[in-house]
Amino acid sequence: MICRRNSTLALASLALNALFAAVPAQAQDTPTKVLILQFEKAAVPGQTQNAPKVRLLTSMGEIVLQLDPDKAPKTVENFLTYVKARHYDGTVFHRVIDGFMIQGGGYTADMQLKPTRSPIPLEASNGLKNLRYTVAMARTGEPNSATSQFFINVRDNASLDAPNPDSHGYAVFGKVLSGTEVVDKIRVVPTGNKGALQNVPITPVTIDSATLVK
């Protein structure tokens with residue numbers, strides 16, 4: 001049964017749940033215990049040509065992310081550690097809500113949660129905003145719980161900027177440098193429910209590889 005949410009439903013869910021974030025490997029992934037992070041639009045200030053870039057080769061096209069280690073050093077270091085360990089290869093965008101965000105980095109195509117490293121400190125108060133096409137870390141209701149899962153905002157989500165929505169906010173650590181058209185293709189794929197997870201693409205959208213751009 002296809003279940004696609006529009007912007008109004010997504011924002012309503014955000015107001016009720018403070019967001020649906022990704023759940024680390026050590027936690028249970030249930031709708032009531034999960035928060036989702038959102039971001040959107042605009043460029044991230046303070047980035048240069050020397051900023052780290054990561055290429056995501058997905059089943060729907062290529063997305064290049066530009067990271068901001070100056071504003072989010074721990075978050076960027078953590079993300080690059082997963083990239084270098086090939087953690088993201090073969091994972092999927094497991095939660096897609098048009099008008100909100102696309103989230104991935106934690107599950108395989110058969111919806112198995114991959115093991116992760118220890119959670120990292122939250123860097124949501126770094127001045128970066130949850131704008132369209134920015135990338136941020138997913139987390140649970142515990143502020144310092146982000147591991148491997150991330151999301152790309154498909155609209156401006158000021159309600160995720162610290163101290164909203166729960167006195168902590170969600171940590172933006174980069175932006176989509178190229179491939180926004182791929183993000184827009186992913187955000188409108190048909191979705192449904194799989195077990196305890198909602199808004200899962202009916203046809204898996206895989207991250208075939210994630211590599212550091214030299």
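This tour goes from ring pairs to a charged neighbour and then to the nonpolar cores.

Before you click, note that this is a predicted model: local features need pLDDT of at least 70, side-chain atom pairs count only at pLDDT 80 or more, and totals for chains, interfaces and linings use all residues. Residues are numbered from 1 along each chain as its sequence is written, and side-chain values use heavy atoms, with hydrogens and water left out.

**Stop 1: the rings.** Select Phe79, Tyr82, Tyr88, Phe93, Phe150 and Phe173, which form one aromatic cluster. Rings of Phe, Tyr and Trp (its six-membered ring) pair if their centres lie within 6.5 Å; planes under 30 degrees apart count as stacked, over 60 as edge-to-face and the rest as tilted. Seven aromatic pairs turn up in the whole structure. Zoom in on Tyr82 and Tyr88: this pair is tilted, at 6.0 Å centre to centre with 50° between the planes.

Tyr88 has 1% relative accessibility and Phe150 has 0%, so both are buried (under 20% relative accessible area, 1.4 Å probe, protein chains only).

**Stop 2: a charge.** Select Arg139 and Tyr170. The charged end of Arg139 sits over the Tyr170 ring, 4.0 Å from its centre (CZ of Arg or NZ of Lys within 6 Å of the ring centre and within 35 degrees of the ring normal).

**Stop 3: the cores.** Which residues touch the most other members of the largest nonpolar core? Select Leu65, Phe79, Phe150 and Phe173, out of 32 residues. A nonpolar core is a set of buried Ala, Val, Leu, Ile, Met, Phe, Trp, Tyr and Cys residues joined through side-chain atoms within 4.5 Å. Another core lies apart from it, with 10 residues, including Ile97 and Met101.

Terms used. Buried < 20%, exposed > 50% of the residue type's maximum accessible area, 1.4 Å probe, protein only.
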